[in-house]
There are 2 protein chains.
Amino acid sequence: MSEHLLAGVVTPIARQSNLGELTYARLKEIIVAGSFPPNEKLTVRSVAAALGVSTTPARDAINRLLSEGALVNEGPKTVVIPSLTLDALDEVTATRLALEGLAAERSVLAAAPADVTALELMQAAINSGLDAADYREVLKVNREFHFLIYRLSGWPRLVAMIESLWLRVGPSLNELYPDFAQNRRGVSNHMAAIDGLRAKDGAKVRFAMEQDIRDGYVRLKAMITSRG
Amino acid sequence: MSEHLLAGVVTPIARQSNLGELTYARLKEIIVAGSFPPNEKLTVRSVAAALGVSTTPARDAINRLLSEGALVNEGPKTVVIPSLTLDALDEVTATRLALEGLAAERSVLAAAPADVTALELMQAAINSGLDAADYREVLKVNREFHFLIYRLSGWPRLVAMIESLWLRVGPSLNELYPDFAQNRRGVSNHMAAIDGLRAKDGAKVRFAMEQDIRDGYVRLKAMITSRG
DNA sequence: TCGATATTTTTGTTGCATCAAATATCAATT
DNA sequence: AATTGATATTTGATGCAACAAAAATATCGA
């Protein structure tokens, strides 16, 4: 029977094509890319018009982002991208340390040589991006680097939770990056993570990723403090 | 002005009056209470009919639970309450240890004597419930006990994430409880947490809550393994 | 010019009809 | 009896209109 032939060969289901989901993904992209003026008001109808869908999927997407904390209600009918306060940064950072540390530590259990190679390629792309001062690209590949490691944990819900945390710092990270690029602290953290992964040393990977988070924290904190 | 008198006394906004939110809350209750036959199929229209609302709020509620992982898509048009697999239990437990440990440790920063008193009252209620074999009540107060501590962290998004984790173990915890009640291991963990909170010893509170989670894990694992 | 009030516009929510797709049902054939 | 295939039913997604509430704007009085 064909089931036997196909078993383990074909990907299981991978069904996920509804407009609400798509709208959510696009909005998410826009938010993490910092393409939205901070404190700009979002309305169901404006999102619907901008993305060419009706109000229903737009409302779905906004509500979902709202429930994740990536958007907040400022008034009863006013949703905005929240500006990161110092307290919110502290909360997100502590949570990130806990969850990303956990995922990083576990990543060595499933890490294959191909994963290490992929990470090395990504790091090369990050270095090129830094040389070319292409922050957009650096930010994008940096994100891929982190999440490749986190996905190795094999725990998809954990990864989803981490994603929702990145959604909260994403806009601010973007503001920060021209400065961040000056100083290449992140590079050594990433190299340490790769080393740890190659040696299947979970504690080392965890520490490297935690250090990366802490370095980012210091910069974000300085930015928030300075802008008052 | 009355604002000054009320500042810090009254809950901040408490704006939460839309049918979708309400439907979400009710469904959530039903799920954690284990009142739903496991693997029962949920449909938008059946939820709408059961709760006396139209399809829109019902769909909102189901989608939100879906995005939190409290419900899962089994087929393209089939959502069910997921039965906890061993791997899912491992994931939720590791995440709970990380997040609830964090919240517990931080709880001492804001803990007031009144909070300690409230926890002692709750523990008394738990003991009575155990004596009376009123598992429903024990489960409810146990939940309140944990979340009173977690809310003391002062980090609402962290608490929200923890809530979504409880939503995933809730149904199984319910199945478990008659057995759990035999053995009162949980009581000593709670007492240790109260002691730690009184002494403002964050590490002690963290350890006590972690131990409580681990004790529950052992029981849940045994149940899952036995039912195969 | 400024502040309060009235008016207009915009907004989220809700319910519902429609449609394509998925599921369930059942008969027919092997 | 089991499996296939056709048919009927159920389902989620989507768009849209109506409504009440909120926000924006205009108006007016001092």
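**Layout of chain A**

Reply: From the N terminus on, the elements of chain A run α-α-β-α-α-β-β-α-α-α-α-α-α. Keep in mind that this is a predicted model.

Me: How many helices and strands does chain A have?
Reply: Ten helices and three strands.

Me: And how much of chain A counts as buried?
Reply: Chain A has 228 residues, and 47% of them count as buried.

Me: In what order do the three strands of chain A sit in the sheet?
Reply: The order is 1-3-2. The sheet is open, and its pairing is antiparallel. Strand 1 (41–42) and strand 2 are the edge strands of chain A, since each pairs on one side only.

Me: What holds paired strands together in general?
Reply: Backbone hydrogen bonds, and the strands can run parallel or antiparallel.

Me: Back to chain A. How many bridges join strand 2 to strand 3?
Reply: Three bridges. Strand 2 covers residues 72–75 and strand 3 covers residues 78–80. Across that pairing, A:N73 stands opposite A:V79. The two strands of chain A also form a hairpin, joined through two residues.

Me: Then how many bridges join strand 1 to strand 3 in chain A?
Reply: Two bridges, again with an antiparallel run. Here A:K41 stands opposite A:V80 of strand 3.

Me: What about strands 2 and 3 in chain B? How do they pair?
Reply: Strand 2 (residues 72–75) and strand 3 (residues 78–80) of chain B pair in the antiparallel sense, over three bridges. B:G75 stands opposite B:T78 in strand 3 of chain B. Those two strands make a hairpin with two residues between them.

Me: What rotation superposes chain A on chain B?
Reply: A rotation of 180 degrees, with 0.0 Å of shift along its axis. The RMSD is 0.1 Å. That is the relation of a two-fold axis.

Me: Which residue of chain A comes closest to the rotation axis?
Reply: A:A98. Its C-alpha lies 2.8 Å from the axis.

Me: Which domains of chain A does the lining draw on?
Reply: Domain 1 (19–80) and domain 2 (86–227) of chain A each give at least three residues.

Me: How do the lining residues divide into nonpolar, polar and charged?
Reply: Nine are nonpolar, three are polar and nine are charged.

Me: Last one. Where does A:L109 lie?
Reply: In a loop of chain A, between helix 5 (86–107) and helix 6 (113–131).

Me: Is A:L109 buried or exposed, and why?
Reply: A:L109 is exposed, because its relative accessible area is 64% and the cut-off for exposed is over 50%.

Me: How far apart are the C-alpha atoms of A:L109 and A:G154?
Reply: They are separated by 9.0 Å. Along the chain, A:L109 and A:G154 are 45 residues apart.

Methods: Residues numbered from 1 in each chain as written. Chains lettered and ligands numbered in written order. Predicted model: local features only at pLDDT ≥ 70, side-chain atom pairs only at ≥ 80, totals over all residues. Heavy atoms only, no water. Helix = DSSP H or I, 4+ residues; strand = E, 2+ residues; numbered from the N terminus. Buried < 20%, exposed > 50% of the residue type's maximum accessible area, 1.4 Å probe, protein only. Pairing = 2+ DSSP bridges. Nonpolar A, V, L, I, M, F, W, Y, C, P; charged D, E, K, R; others polar. Domains from an automatic or database assignment. Least-squares fit on C-alpha atoms with pLDDT ≥ 70 in both.
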